[in-house]
Amino acid sequence: MDTRQTIAPPRPVKLFHRFANPGQFLRLSGKVLPWLYSAGVLLTAIGVIWGLFFAPNDWQQGDTVKIMYVHVPFAWLASAGYVSLAICSVLSLVWRHPLADLAAAELGPVGAAFTAVCLATGSLWGKPTWGAWWVWDARLTSVFVLFLLYLGHIALVRAFDDPTRGYRAGAILALVGVINLPIIKFSVNWWNTLHQPASIGLTGAPTIAASLLWPLLFTTLGFTLLFAAITVARTRAGVMERRIRMLLMAKTSESGQS
Amino acid sequence: MKRKTKRLLILLACGAGLASAAGLTLSAFSDNLVFFVSPSDLAKNTPNGRQMRLGGMVEQGTVERTSGGHAGARFKVTDGKADVLVTYKGLLPDLFREGQGVVVLGVEQPDGVFKASEVLAKHDENYMPKEVVDALKKSGEWNPSSGSPPPNAVWNAPAKPAGS
């Protein structure tokens with residue numbers, strides 16, 4: 001850490017305070033990340049191989065039911081990713097947590113990508129099952145709105161010259177969009193939809209036969225760990241990027257003074 | 001500390017306002033948010049010549065497939081209380097069968113027959129392999145063409161292996 005002393009920033013105490021949490025995050029996440037990746041890949045591989053080659057087909061849908069092993073985890077992660085985005089936004093707006101700002105900015109593209117895969121696989125599943133690629137029922141429309149919210153957040157966070165203003169605006173947008181989450185979840189119960197109601201709930205046995213359900217549990221857990229791994233890796237990159245930018249700025253201001 | 005509490009309270013107040021506004025809007029527009037109407041809903045109103053979606057179950061023993069120049073079918077859609085006769089020309093989805101949920105797009109004719117231009121199959125939340133269905137049929141617990149399967153506890157209990 002000799003280099004840091006030679007390019008001492010103008011206000012070392014404040015800068016240190018600002019880096020305290022992200023520094024700890026970098027150390028901790030560096031240790032966790034390889035485990036997240038390897039466990040995620042392993043569980044996903046088990047689930048996919050089990051689901052594709054060993055699980056039985058559905059009696060009506062045949063092979064088509066195997067799309068479930070990707071569609072369901074991505075649909076769950078589209079919503080769960082948005083919940084994480086909302087938590088980061090509260091931390092950012094109320095507690096002004098610098099790490100939450102970065103995590104929210106990095107969560108947006110990951111969530112948008114997962115939502116896009118959920119919509120695409122759903123469309124591929126809809127054609128052979130329902131007979132339509134897309135219908136504007138309440139469930140499909142509300143998930144499409146979720147996708148647009150992610151895109152809006154991605155754009156808004158990066159739209160300002162001053163990053164802090166972008167983080168604030170993005171956090172407000174993300175929190176307004178939280179209203180969409182219960183609509184997604186309960187759309188299939190509140191209104192008539194083409195999409196079927198949930199098969200797995202907190203109460204009662206699932207309505208998916210156990211032999212079809214086991215691989216789904218593995219892929220769900222696997223994709224969830226991979227979602228976390230990608231987000232953590234992106235946030236680490238964001239922290240390091242900001243650190244380099246601040247060091248460069250400190251260096252230029254110092255050379256300007258001398 | 002005080003500033004943080006203030007920000008949190010403002011956030012909660014905004015959230016409560018937004019949630020109630022959204023709740024009121026959704027309940028006001030609830031009738032327009034449904035994807036389809038049921039046969040009972042259809043029976044309440046006189047045919048108005050407007051295109052709409054009708055959803056329900058294909059009634060057992062009512063499917064007549066028309067062959068010849070145009071493939072198609074005549075069948076009744078029911079919700080248990082009322083039923084509507086549907087005529088359709090075109091290809092039916094693979095999952096179409098008696099006892100299956102369907103959503104048909106079309107116009108109710110003055111004589112009460114629903115002329116459909118599109119038939120979509122509605123899959124329910126039950127997924128089971130063929131062996132489980134065969135076992136349920138054999139034991140007389142479920143006839144797929146009569147409607148929804150029995151409660152999942154009957155066929156998805158972990159203690160009872162499928163087929164026994």
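**Strands, helices and a chain contact**

Modeller: Met57(B) stands opposite Thr78(B) in S3(B). By the way, this is a predicted model: local features need pLDDT of at least 70, side-chain atom pairs count only at pLDDT 80 or more, and totals for chains, interfaces and linings use all residues. Residues are numbered from 1 along each chain as its sequence is written, while chains are lettered from A and ligands numbered from 1 in the order in which they are written.

Colleague: What makes S1(B) and S3(B) a pair?

Modeller: Two strands pair if DSSP finds at least two bridges between them. S1(B) and S3(B), residues 72-78, are joined by 2 bridges and run antiparallel, so they meet that cut-off. Strands here are DSSP runs of E with at least two residues, helices are runs of H or I with at least four, and both are numbered from the N terminus.

Colleague: And how do you know that S1(B) pairs with S5(B)?

Modeller: Between S1(B), residues 51-58, and S5(B), residues 101-108, there are 7 bridges, and these strands run antiparallel. One of the partners is Val103(B) in S5(B), bridged to Gly55(B).

Colleague: Over in chain A, why are H3(A) and H4(A) called roughly antiparallel?

Modeller: Their axes come within 8 Å and cross at roughly 160 degrees. Axes are lines fitted to C-alpha atoms, for helices over the stretch in contact, with angles from 0 to 180 degrees between N-to-C directions. Under 35 degrees counts as roughly parallel, over 145 as roughly antiparallel, 65 to 115 as roughly perpendicular and the rest as oblique. H3(A) and H4(A) are therefore roughly antiparallel.

Colleague: How do you know which residues of chain A and chain B are in contact?

Modeller: Two residues are in contact if their C-beta atoms, placed from the backbone, lie within 7 Å. By that rule, 36 residues of chain A are in contact with 35 residues of chain B. H3(A) gives the largest share of chain A's side, 4 residues.

Colleague: How does chain A's side divide by class?

Modeller: Into 24 nonpolar, 10 polar and 2 charged residues (nonpolar means Ala, Val, Leu, Ile, Met, Phe, Trp, Tyr, Cys and Pro; charged means Asp, Glu, Lys and Arg; the others, Gly among them, are polar).
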